[in-house]
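Here is a colleague's note for someone opening this entry for the first time. Please read it with the sequence and the model side by side, taking the points in order.

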Amino acid sequence: MLTVMKLRGREVLDSRGRPTVEVEVAGSNGEVGRAIVPSGASTGRHEAIELRDPENRRYGGMGVLRAVAHVNGEMAAAIQGMDLEDQAGIDAALVALDGTPNKGRLGANAVLGISLAVAHTAAAARGVPLYVHLNRLWRSRLEPGEFADPVMPMPMVNMISGGLHAGANLDFQDFLMIPVGAPSYAEALEMTTAVYRAVGAVLREKDMEGALVGDEGGYGPKLATNAQAVDLILEAVLACGLEPGRDVAIAIDVAASHFYRPETATYHLTAAGDDVLDSAGMTALLAHWAKLYPIVSIEDGLAEDDWNGWSNLTGMLGDSVQLIGDDLFATQTARLRQGVERRAGNAILIKVNQVGTLSETFDALLLARRHGYRTIVSARSGETEDTTIADLAVATAAGQIKIGSVARSERLAKYNRLLRIEEDLGPSAKFAGREALSIKLI
Ligand code: PGA
Ligand code: ZN
């Protein structure tokens, strides 16, 4: 049996220059695997707890030395000697050791770092790529007859950034494109970079180009309205000789929790003057957008605890638009189960650090799939060179992936990893394509 020999945690920096946890796990045959934990900016209330050191002035209180000390101390002691390939057992031991419902004692960042690094080490120890190892783990969770093969995901790519990710005035967080007409992942990526460059050209032409891009690499211009961001992307799509709706579809991440006020149950939009909407008003606005534009996917269109609003929105748009719960579900099966019962949303964003272990991430993916919810594996706004989520998306046939824009190396590392996986799969590589959205497209 291959066992966990040694753990080493350390503090490294993410794409915003903030500390995060890196873990190395050495297996009994000498192989070492490594993972680095991502970090969000628009974090939801229901996410697992990221442990930082606010009492310590280093890095403005954002240090993760306590989490690292937990990795090197009691967590290492607890899992040393365990079966390296028993991912479920190791994850369960970590969850039990933490002992809180949200991983707040040891830190979800400490837990996730170990959980992911263990998978990397097990893959290395068996001499297989990570996606192959993850696919083995995934298959072992499936019932006979359930689809089990690896599938290249359809990317959903950030073009223009607003909200908490960019400095300008837009209320909505991401304005994205989905290259629905592409026949393979590699061609999807090529089409995407063409549109990204064209968006830059359109902004330059209109003297709107912000000098900077947002945290996820999208352009961060100051615009007159939120809708103008969609108009600009559509203009760029046309400039590339592509057809909106047929070749390229539009997606938005509203990240509505961040302009929602629970005291008054109202949504406060400020991009084009002050606009205060109740849940029905916000839903009507989204329905209007979905009619006006080739929008096939809306993420966090309403706030994370506006369950009734979500049910209404889903009743109204759920047959024609992918409605993704990010802050709403926080990759937690308990929240997704509520969503299924209330018919809230029809898709779930999967972020490994919202839940904190690989096994619980599989739980969420599996529950979603079995209830017909689409799944989108997602990066965070704070990322690193770690590419685990690329392998995860392929291994679990999640169908879609959201990494940010095609700029900034912490994003490209994952897009490039997917190119390598596609090559490794060879001519038999299946691409999720537009069916991943299972929505009627023009
Ligand atoms: P976050 O943003 O990582 O800052 O939460 C990503 C998203 O909202 O999808
Ligand atoms: Zn989101």
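**Notes on the model**

1. Ala397 counts as buried because its relative accessibility is 18%, where buried means under 20% relative accessible area, exposed means over 50% and partly exposed lies in between, with a 1.4 Å probe and protein chains only. Ala397 sits in the loop between α12 (388–395) and β14 (399–404), and its phi is near 50°, a positive value in a residue other than glycine. Helices (H or I, at least four residues) and strands (E, at least two) are DSSP runs, numbered from the N terminus.

2. This is a predicted model, in which local features need pLDDT of at least 70 and side-chain atom pairs count only at pLDDT 80 or more, while totals for chains, interfaces and linings use all residues. Residues are numbered from 1 along each chain as its sequence is written, chains are lettered from A and ligands numbered from 1 in the order in which they are written, and side-chain values use heavy atoms, with hydrogens and water left out.

3. Most residues other than glycine have a negative phi. Ala330 counts as buried because its relative accessibility is 1%.

4. Asp253 is buried, with a relative accessible area of 1%, and Asp326 counts as buried at 2% relative accessibility.

5. Ligand 1 is surrounded by 14 residues, of which the closest are His165, Gln173, Arg380, Ser381 and Lys402; a residue is near a molecule or strand if one of its heavy atoms lies within 4 Å of it. An N or O atom in the side chain of Lys402 is 2.7 Å from an oxygen atom of ligand 1.

6. Arg335 belongs to helix α9 and counts as buried because its relative accessibility is 11%. Which residues does Arg335 contact, leaving aside its neighbours within four places in sequence? They are His46, Glu304, Asp305, Trp307, Leu328 and Phe329, where contact means heavy atoms within 4.5 Å.

7. Strand β2 (residues 19–27) is mostly covered, with nine of its nine residues buried. Pro19, Val21, Val23, Val25 and Gly27 point one way from β2, while Thr20, Glu22, Glu24 and Ala26 point the other way. Nine bridges join β2 to strand β1 (residues 4–13) in the antiparallel sense, two strands being paired if DSSP finds at least two bridges between them. Arg8 has Glu24 in β2 as its bridge partner. β1 and β2 form a hairpin with five residues between them, and Gly17 in that turn has a positive phi of about 70°.

8. On its pairing with strand β3 (residues 32–36), β2 is again antiparallel, over five bridges, and the bridge partner of Ala26 in β3 is Val32. This hairpin has four residues between β2 and β3, and Gly30 in the turn has a positive phi of about 95°.

9. Strand β4 (residues 154–161) is largely enclosed by the rest of the structure, because eight of its eight residues are buried. Four bridges join β4 to β14 in parallel, with Pro155 partnered by Ile401, and four bridges join β4 to strand β5 (residues 174–178) in the antiparallel sense, where Ser161 stands opposite Asp174.

Key. A polar contact is a pair of N or O atoms within 3.5 Å; within protein, one must be able to donate a hydrogen and the other to accept it, and residues adjacent in sequence count only if both atoms are side-chain atoms.
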